[in-house]
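You asked for a quick read-through before you start clicking around. Here are my notes, in the order I would look at things.

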Amino acid sequence: MTTFSKNDDSVVVIVGSGAGGGTLGAELAMKGVKTVILEAGGRHETDDFQNDEWGSFGQISWLDKRTTSGSWRVAKDFSGLPAWIVKAVGGSTVHWAGASLRFQDHEWKAATTYGNVPGANLLDWPIDSAEMDPWYTKAEDRMGVTRTNGIPGLPGNNNYKVLEAGAKKLGYKEVHTGRMAINSEPRDDRSACMQIGFCFQGCKSGAKWSTLVAEIPKGEATGKLEVRPNCQVLQIQHNDQGKVTGVLYADKDGNQHVQLARVVCVAGNSIESPRLLLNSASSKFPDGLANSSGQVGRNYMRHMTGSVYAVFDKPVHMYRGTTMAGIIQDEARHDPSRGFVGGYEMETLSLGLPFMAAFLDPGGWGKDFAWWMDNYENMAGMWLVGEDMPQESNRITLHASEKDQYGLPVPNVHFDDHANDIAMREHAFGRGEAVYNAVGALKTFRTPPYPSTHNLGTNRMSEKASDGVVNKHGQTHDIANLFVSDGSQFTSGAAENPTLTIVALALRQADFIASEMSKGNL
Amino acid sequence: MTITPNVSRRTALKGAVAGLIVAGTGAGGLVFGHGNAWAATAENLDADTFATLVQMSRDTYPHARLDDSFYAEAVSGLDKAAKDDAGLKTMLTEGAAKLDKEAMGLKAASYRSMSSEDDRVAILKSMEADPFFQKIRGNLVTGLYNNQKAWPLFGYEGESASKGGYIDRGFADIDWL
């Protein structure tokens, strides 16, 4: 494997190896750019993954100390675990379910489309569908997304068949087994899906796209990419001219090093990325790096989410096969007559028995709860995921007193649901229940949000430097050689699962960085 | 910890699971079920505390399909953790004593000798916000539902990769829609 000197100031340093960082690193390397990815977590390969929910949770989750505040229910149910994301090479692409959906045209123009929504800090993206179309096309090909590029859809499992039958009885039209970055046939030197289940625990067949199995190895094969696991970046450093010069990081033994850099790209997910910028405050940048707008850490979005589980009088075995096995898209449209702006997707989701006990009704007990668990075999489930409103007060801040293992302030995640989020969730719960009632559910249950998997918006993209943190290339408005490369760039959340858009933006950003480097601008 | 379910007795006891589950306690921390259907050894808690927590555990997540040894095993996890955690040991001991005190006030009986499940659950409900109750409940979320021996009883098949997943084993076998 290639290694680069810590004193090599010609490398691009990327913080994080997930959908944004892993894709960007591989793409830059394939363009001949020397790149070092510093990944806070360890490197677990396909064979290391476990078909065991709690075992895997301990193996790959980001469990470093975090605090929560606000009126969202996650702060009550999981006060130390605001987000359910991954600390490992591949980042949360190890854990994701694979849903790969493009934004709808209007979602790039949230402020224009939705108008004045009180309390929402809406803004149009500085890019649109036409700009992103070729990058989406490239991302879909790279990821092998089903129902694109002539790739057949995956077969529907039992959980999908229940969803589909209910959806059709209600007259829903856009119902299918999804656009999934899971091989329905062998492709890209990876096998076809064996319907193992446990997509959240790291795919043990390699059929699911992740940066771990599909991008990073290609980057490494060029000899231009080094991935350094167990290396947590603590601070981004800069010179008197206000250009970033490298990063301070701790290795697995806690020893600290500086890696010099020509360009630094931050891709640590929407909690760690703003935390790193804030923790890098200096006399020159007292409010943190790239924070002249004051927007670093603000506008934290986590998607409107919720789940509906239903019990039937006969077995479903929902856990067999892909976790996210199909989708209803009819409610994803913007239709304010429903009482809210934006839309939501309805996607099958299953949990194993251990996680069902933890997440169905957090804190629940007694005979009623036991009844649900007794009927686990006869249960079907769906996840509801929709656009939530960006709010300035929903934000990542540095905790005043709590410190991590390196002595740095831990992040606090503050979130309050917007009235629009609550109205959308109520509607989505109702429609989800209707789907299952249409096929004879004995009972349905409204499961509250899990810890956030879609963390977005805390370094948002904006046309004007006063409105956000990065420009349309993810380049910070304030510092030319500092980029943001993950979902924290999102100006608004859209209804769709974000990974495809993060990957498309990373591919586009790689093109920009390589081009600017060759022009001598970086 | 030793948990010894007596399989030959299990069937005979199935009808009795909603009732009282601990027959008695003996010397050396021994806790045993009716007809010696199962037995466990309290290593750090006293046997009465252990026995009370077993009854409380079943009352918290009552499943007719689970024999009592599953609840005893979950409590044994706490019993072990209490070895090096004096605060936990105190919490569990005092919590069990509080259950008994509440029970004595209601029915002049210890918690685990109260015959009405509703009465016992009412006591738990009144203590729902206590850290003690939440400790027992939280312990069961993993101690009961993450016990692999219990999974088949709930129709959950667990690990599947080594069996080739479900592509040829019923991932789409639903026949009643």
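1. One definition before anything else: two strands are said to pair if DSSP finds at least two bridges between them. With that in hand, take strand S6 (residues 232-238) and strand S7 (residues 244-250) of chain A, which pair in the antiparallel sense over six bridges. Within that pair, Gln235(A) stands opposite Leu248(A) in S7(A). Keep in mind throughout that this is a predicted model.

2. Stay with those two strands for a moment. S6(A) and S7(A) make a hairpin, with five residues between them. In the turn sits Gly242(A), with a positive phi of about 85°.

3. Now follow the chain onward. S7(A) is also joined by five bridges to strand S8 (residues 256-260) of chain A, and the two run antiparallel.

4. Time to step back and look at chain A as a whole. It has 12 helices and 17 strands. Its radius of gyration is 22 Å, close to the 24 Å that the globule rule gives for 522 residues, so chain A is as compact as a globular protein of that length. Its C-alpha atoms fill a box of roughly 70 × 50 × 45 Å along the principal axes.

5. How much of chain A is buried? Buried residues make up 60% of its 522 residues. As for how the chain folds back on itself, take the contacts between residues at least 6 apart in sequence: 75% of them join residues at least 24 apart.

6. Which strands pair with S13(A)? Strand S10 (residues 304-311) of chain A does, in the antiparallel sense over eight bridges, and Thr305(A) stands opposite Val385(A) there. Strand S12 (residues 344-348) of chain A pairs with S13(A) in the antiparallel sense as well, over five bridges. On that side, Tyr344(A) stands opposite Gly386(A).

7. Next, a three-stranded open sheet in chain A, with the order S3-S15-S14 and mixed pairing. Strand S3 (67-69) and strand S14 (395-403) are at the edges with a single partner strand each, so one side of each is left without a neighbour in the sheet. From one strand to the next, the twist averages 35°.

8. Within that sheet, five bridges join S14(A) to strand S15 (residues 409-414) of chain A, and these two run antiparallel. The bridge partner of Ile396(A) is Val413(A) in S15(A). Helix H8 (residues 269-279) of chain A lies across S14 and S15 of chain A, running at about 65° to S14(A).

9. Over to chain B, which has six helices and three strands. Its elements run α-β-β-β-α-α-α-α-α from the N terminus on. Buried residues make up 39% of the 177 residues in this chain. Of the chain B contacts between residues at least 6 apart in sequence, 63% join residues at least 24 apart.

10. Last, the place where the two chains meet. The contact takes 29 residues from chain B and 37 residues from chain A. On the side of chain B that touches chain A, helix H6 (residues 131-143) of chain B gives the most, with three residues. By class, that side of chain B has 16 nonpolar, nine polar and four charged residues.

Definitions and conventions
Residues are numbered from 1 along each chain as its sequence is written. Chains are lettered from A and ligands numbered from 1 in the order in which they are written. This is a predicted model: local features need pLDDT of at least 70, side-chain atom pairs count only at pLDDT 80 or more; totals for chains, interfaces and linings use all residues. Helices (H or I, at least four residues) and strands (E, at least two) are DSSP runs, numbered from the N terminus. Two residues are in contact if their C-beta atoms, placed from the backbone, lie within 7 Å. Ala, Val, Leu, Ile, Met, Phe, Trp, Tyr, Cys and Pro count as nonpolar, Asp, Glu, Lys and Arg as charged, and the others, Gly among them, as polar. The radius of gyration is taken over C-alpha atoms; the globule rule is 2.2 Å times the number of residues to the power 0.38. A residue is buried if 20 or more other C-beta atoms lie within 10 Å of its own, exposed if 12 or fewer, and partly exposed in between; C-beta atoms are placed from the backbone. Axes are lines fitted to C-alpha atoms, for helices over the stretch in contact, and angles run from 0 to 180 degrees between N-to-C directions.
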